Amino acid sequence: MDRVEWMLYPRICALSEVLWSEPSARNWDDFYQRITTFYPVMKKLGINYYEDDAMNEKEFVPSNEKPALVRNAHIDTNIPGNPPYHAEYAFDGKSNTFFWGGTSVGPEHYFTIVLGEPMKVNEVKVITGDSKDYITMADLLISEDGENFVKVGKFDDLGQASATPDAAKTIKAVKIQITGQHTCWPIIKEIILK
């Protein structure tokens, strides 16, 4: 049911807007502003809604130039890349960009974000690809020192993992450790630290 709600909201709001408004009165910018203002209400009501900071952006076209990371960090991975889908796209703060690996992955593969400075984190969330490009057999790990990792979550069948440490934890690194053989070339849309 969580997945159904996630796919339904805010789409049902957009459908209502189209059905209840005259074509001449429809305005995307106005609707977008109103729907994003309503997100806290949906959250308070316990609705699992899709929130995408890229709803108002154009389709993603990767660049030969590596994107800037959302915060001071570096990426350590042994997943071969698929140029120009740079690993940095997985931590650039935009959910419409993505890293696309250049080979299928197995238990020997990992993807790590090592922060330049430790930060307090209340939630870690990872969103991977669509359909066949999901990472489904992997663990989500965090580290306080950047070297010793602790498992805090596991990827689900839809290619997502999240963890909310018991108390706001100061971390230095987040790691995706693949635990099973995949047949896909994996996509990592975004690693989110809140």
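Is arginine 34 buried, partly exposed or exposed, and what is its relative accessibility? Arginine 34 counts as partly exposed, at 36% relative accessibility. Buried means under 20% relative accessible area, exposed means over 50%, and partly exposed lies in between (1.4 Å probe, protein chains only).

## Basis of the model

This is a predicted model, in which local features need pLDDT of at least 70 and side-chain atom pairs count only at pLDDT 80 or more, while totals for chains, interfaces and linings use all residues. Residues are numbered from 1 along each chain as its sequence is written, and side-chain values use heavy atoms, with hydrogens and water left out.

## Salt bridges around arginine 34

A salt bridge is a side-chain nitrogen of Lys or Arg within 4 Å of a carboxyl oxygen of Asp or Glu. By this rule the count comes to 5 salt bridges. One of them joins the side chains of glutamate 17 and arginine 34, at 2.7 Å from N to O. Glutamate 17 is in helix α2 and arginine 34 in helix α3 (residues 28-44), so this pair ties together parts that are 17 residues apart in sequence. Helices (H or I, at least four residues) and strands (E, at least two) are DSSP runs, numbered from the N terminus. Glutamate 17 counts as buried, at 18% relative accessibility.

Arginine 34 also meets aspartate 30 in a salt bridge, at 2.9 Å from N to O. Both residues lie in helix α3, 4 residues apart, which is about one turn of the helix. Aspartate 30 is partly exposed, with a relative accessible area of 37%.

## A salt bridge between two loops

The side chains of glutamate 88 and lysine 66 form another salt bridge, at 3.9 Å from N to O. This pair links distant parts of the chain, 22 residues apart: glutamate 88 is in the loop between β1 (73-77) and β2 (99-100), and lysine 66 is in the loop between α3 and β1. Glutamate 88 counts as buried at 17% relative accessibility, whereas lysine 66 is exposed, with a relative accessible area of 54%. Through shared partners, salt bridges join Glu17, Asp30 and Arg34 into one network.

## Nonpolar surface patch

Leu15, Val18, Leu19 and Trp20 make a nonpolar surface patch of about 500 Å². Patches are made of residues with over 30% relative accessible area and no salt bridge; like charges are joined within 9 Å, and nonpolar side chains (Val, Leu, Ile, Met, Phe, Trp, Tyr) within 5 Å. Accessible areas come from the Shrake-Rupley method with a 1.4 Å probe, and for residues only the protein chains shown count as cover. Valine 18 lies in helix α2 (residues 11-20) and is partly exposed, with a relative accessible area of 39%.

## Histidine 182

Histidine 182 is in the loop between β8 (169-178) and β9 (187-193). This residue is buried, with a relative accessible area of 5%. Its side chain reaches the backbone nitrogen of methionine 137 at 3.1 Å and the backbone oxygen of glycine 180 at 3.0 Å. Leaving out residues up to four places away in sequence, histidine 182 touches residues including Ser104, Tyr134 and Met137; contact means heavy atoms within 4.5 Å.

## Leucine 141

Leucine 141 lies in strand β5 (residues 138-143) and counts as buried, at 13% relative accessibility. Among the residues that leucine 141 touches, not counting those up to four places away in sequence, are Phe149, Val152, Ala173 and Gln177. The C-alpha atoms of leucine 141 and glutamate 51 are separated by 24 Å, and the two residues are 90 residues apart along the chain.

Note on methods. Polar contact = N/O pair within 3.5 Å; in protein donor to acceptor, adjacent residues only side chain to side chain.
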